[in-house]
Amino acid sequence: MLSGPVLLALPTPAPPPAVHAADVVIGALGGVGSSAGRLVLARRPGGLVLFGELGDGGNGLRLALRRADLRPVLMIDQEGGSVRRVRSLGPAAPSSLRVLPASRTLREYRTAGKALRRLGVDVNLAPVADVDTGGTMGFRSLGSTPKEAGKRVVAAVRGLHDSGVSGCVKHFPGLGNVGTNTDHGVAIDRRSKFAVVRDLTAFGAAIDAGARCVMVSSVIVPALCSRPALLCKETYRRLRRMGFRGVIVTDSLDADALRPYGSVGEVAVKALGAGADSVLVASPWSTLAVIDAVAAATKAGRLDRAHLRSSALRLRSLR
């Protein structure tokens with residue numbers, strides 16, 4: 001018979017993971033083996049966006065990451081057509097897929113995804129869910145109506161998922177109507193809120209199909225917000241209201257469209273403060289500047305550590 005209460009030894013909860021500024025930064029190396037690339041790896045970014053680093057089949061990159069004892073989320077732009085970092089791989093150009101059955105889109109993205117997975121890629125920064133309504137980016141769109149674009153975007157997301165690669169649907173809330181590529185200047189979609197929201201159904205279809213990543217652009221949509229979308233809290237709130245629970249990344253913060261809003265580091269802090277999970281940059285020097293800026297803002301209390309922690313965990317889940 002027990003003479004007194006039995007005290008059970010409960011395990012001590014593990015402390016939450018430490019938050020480092022680099023955890024929410026998707027950086028760029030500027031080439032495997034470059035001095036700038038070595039500096040980036042030493043700062044241990046949570047992700048890397050790849051350009052020419054897979055030209056040798058990824059052998060140099062794998063060696064560099066192993067030496068750095070680093071496993072970032074590896075991302076690449078492989079939309080098809082003219083936007084392909086690995087020129088020998090598909091998928092086919094969106095302009096050709098949009099006139100074929102959606103089943104063809106699924107097969108093309110599944111095949112491309114399998115090849116990317118063999119190269120070590122975790123995330124394809126595709127498909128484009130922008131609805132082509134006459135803008136300069138139309139050649140990258142999978143459809144000229146929300147329904148047509150949506151069903152092919154869903155097929156692309158599922159094809160990538162089947163291959164073991166996550167798709168990242170872009171460029172929320174859409175670049176299908178603008179006349180300027182945000183990489184080269186300010187892009188403004190002056191349509192009514194009704195027209196803009198109608199086209200968001202293509203993104204909604206991808207979310208419902210299980211998309212794990214959405215990229216937010218620097219387009220300005222006055223009907224929704226007076227600033228670039230990736231700097232607006234309402235952009236991120238809208239995505240969450242649409243049911244998205246995955247990773248929200250920014251388009252490149254090196255874009256000319258963002259120059260009026262401060263240095264690349266300042267813009268990164270503003271985007272994270274607005275609700276982005278991860279900020280993406282396209283050069284090693286921008287990578288270093290952003291990591292420093294996010295670290296300083298976190299130390300000063302300008303960025304919420306709990307948000308950064310949950311964001312870092314979301315990003316890691318894509319590996």
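**Entry 1: R140**

I started at R140, which sits in the loop between β6 (123-124) and α5 (146-163). Helices are DSSP runs of H or I with at least four residues, strands are runs of E with at least two, and both are numbered from the N terminus. The model is predicted, so I noted that local features need pLDDT of at least 70 and side-chain atom pairs count only at pLDDT 80 or more, while totals for chains, interfaces and linings use all residues. Residues are numbered from 1 along each chain as its sequence is written, and side-chain values use heavy atoms, with hydrogens and water left out.

Is R140 buried or exposed? R140 is buried, because its relative accessible area is 12%, and buried means under 20%, exposed over 50%, partly exposed in between (1.4 Å probe, protein chains only).

I then looked for the polar partner of the R140 side chain and found the side chain of E79, at 2.6 Å. A polar contact is a pair of N or O atoms within 3.5 Å; within protein, one must be able to donate a hydrogen and the other to accept it, and residues adjacent in sequence count only if both atoms are side-chain atoms. With neighbours within four places in sequence left aside, the residues in contact with R140 are E79, V83, P94, V128, K170, H171 and N181. Contact means heavy atoms within 4.5 Å.

**Entry 2: the pockets**

R140 came up again in the largest pocket: D77, R85, R140, D183 and D251 lie nearest its centre, out of 22 lining residues. The elements giving two or more residues to this lining are β5 (83-84), β7 (166-172) and β9 (247-252). I read a volume of about 340 Å³ for the largest pocket. A pocket is an open set of points on a 1 Å grid over the protein atoms alone where a 1.4 Å probe fits, with protein on both sides within 12 Å along at least five of seven lines; lining residues have an atom within 4 Å of a point. Grid points are joined across faces, edges and corners, and the volume is the space filled by probe spheres set on the points.

By class, I found nine nonpolar, five polar and eight charged residues in the lining of the largest pocket. Ala, Val, Leu, Ile, Met, Phe, Trp, Tyr, Cys and Pro count as nonpolar, Asp, Glu, Lys and Arg as charged, and the others, Gly among them, as polar.

The second largest pocket holds about 160 Å³. Its lining includes D23, R44, R71, R316 and R319, and the classes are four nonpolar, one polar and five charged.

**Entry 3: Q78**

I found Q78 in strand β4 (residues 78-80). Q78 is buried, with a relative accessible area of 0%. What does the side chain of Q78 reach? The Q78 side chain reaches the backbone nitrogen of R85 at 3.1 Å. Beyond four places in sequence, the contacts of Q78 include V83, R84, L116, N124 and A126.

**Entry 4: helix α9**

I checked α9 (residues 264-274) and found it largely enclosed by the rest of the structure, because eight of its eleven residues are buried. Among them are V264, G265, V267 and L272. The buried residues of α9 pack against α8 (233-241), β9, β10 (278-280), α10 (284-299) and α11 (305-316). G275 follows α9 and has a positive phi, near 140 degrees.

**Entry 5: the chain**

I counted eleven helices and ten strands in the chain. Of its 319 residues, 54% count as buried.
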